[in-house]
Each structure stands twice: as structure tokens, then as C-alpha cells.
Amino acid sequence: MKTVPYLRVGTSYYKLVQAPTIAGHFNEILVHWNIVTIRQDHGKDYLGKVPKYDGFTCIPNHIHFKQEYKGFYNTYSPLPAIPKVGNANDR
């Protein structure tokens, strides 16, 4: 099943989009989206699939990142790679 690219925070809807950068990379950002447009594009039953959150929070965690934290959408972006355990003397 395809991932739902929308989310509702409080009473507002957002779409997760990949915004291109001049370096050729992409940054995931939240764009405010209209509920009427979501219904027009996907039908009224689609809204039941949209994840709902009470608000935004920022809980950084590189190892055990969670997108949802106690009913809130975590705006923190985890590292693209998993940090390795190392020895400080290896520098």
C-alpha cells in the first residue's frame, strides 16, 4: 500500500513533499494543504487514512528516532546514516 503523504496537525492539513535543492538533493518539508483539494484528488473516504496529531514537537534522537511522540508530530529530521560506536582514541 502506498504511504499517505498527508497529515493533520490539530485542525490543519499538510502534505509531505520532497523539495529540490540547488545541490541536487531533496529536503522533506511540510506544505499546508487544503482539505477540499485532498477530497477532490482522492475522495472523501481518503481522509480517514490521514494520520492525526495534536501538534508539533521536536524530539531529537539519532538512534531511536520516532516520527510520532505522545500524539505529536516530530519535526526533527534523523541523520541519513546510523552512527557507529567507536573509540575516541581512533581519531
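Two strands count as paired if DSSP finds at least two bridges between them. Helices (H or I, at least four residues) and strands (E, at least two) are DSSP runs, numbered from the N terminus. This is a predicted model, in which local features need pLDDT of at least 70, side-chain atom pairs count only at pLDDT 80 or more, and totals for chains, interfaces and linings use all residues. Residues are numbered from 1 along each chain as its sequence is written, and side-chain values use heavy atoms, with hydrogens and water left out.

**Stop 1: the sheet**

Select residues 6-9, which are strand β1, and residues 12-20, which are strand β2. The two pair in the antiparallel sense over four bridges. Together β1 and β2 make a hairpin with two residues between them. In that turn, pick G10, which has a positive phi of about 65°.

Now check the partners across the bridges. Y6 has K15 in β2 as its bridge partner, and R8 stands opposite Y13 in β2. R8 also stands opposite K52, a residue of β4. β1 and β4 pair in the parallel sense, over two bridges.

**Stop 2**

**Stop 2: the aromatic rings**

Rings of Phe, Tyr and Trp (its six-membered ring) pair if their centres lie within 6.5 Å; planes under 30 degrees apart count as stacked, over 60 as edge-to-face and the rest as tilted. By this rule there are six aromatic pairs. Show Y6 and W33 for a tilted pair, 6.2 Å centre to centre with 55° between the planes. Y6 is in strand β1 and W33 in strand β3, 27 residues apart, so the pair links distant parts of the chain.

Is Y6 buried or exposed? Y6 counts as buried at 3% relative accessibility, where buried means under 20% relative accessible area, exposed over 50%, and partly exposed in between (1.4 Å probe, protein chains only). W33 is partly exposed, at 24%.

Y46 is in the loop between α1 and β4, 40 residues from Y6. At 13% relative accessibility, Y46 counts as buried.

Then select Y14, Y53, F56 and Y73, which ring pairs link into a cluster.

**Stop 3: K70**

Go to the loop between β6 (68-69) and β7 (72-74) and pick K70. K70 has a positive phi of about 50° although it is not a glycine. At 69% relative accessibility, K70 is exposed.

**Stop 4: the largest pocket**

Select the residues that line the largest pocket: L16, E28, I29, L30, F65, Q67, Y73, N74, T75, Y76, S77 and P78. β3 gives the most to this lining, with three residues, and β3 and β7 each supply at least two.

Key
1 Å grid on protein atoms, 1.4 Å probe; cavity = no way out; pocket = protein on both sides within 12 Å on 5 of 7 lines; lining within 4 Å.
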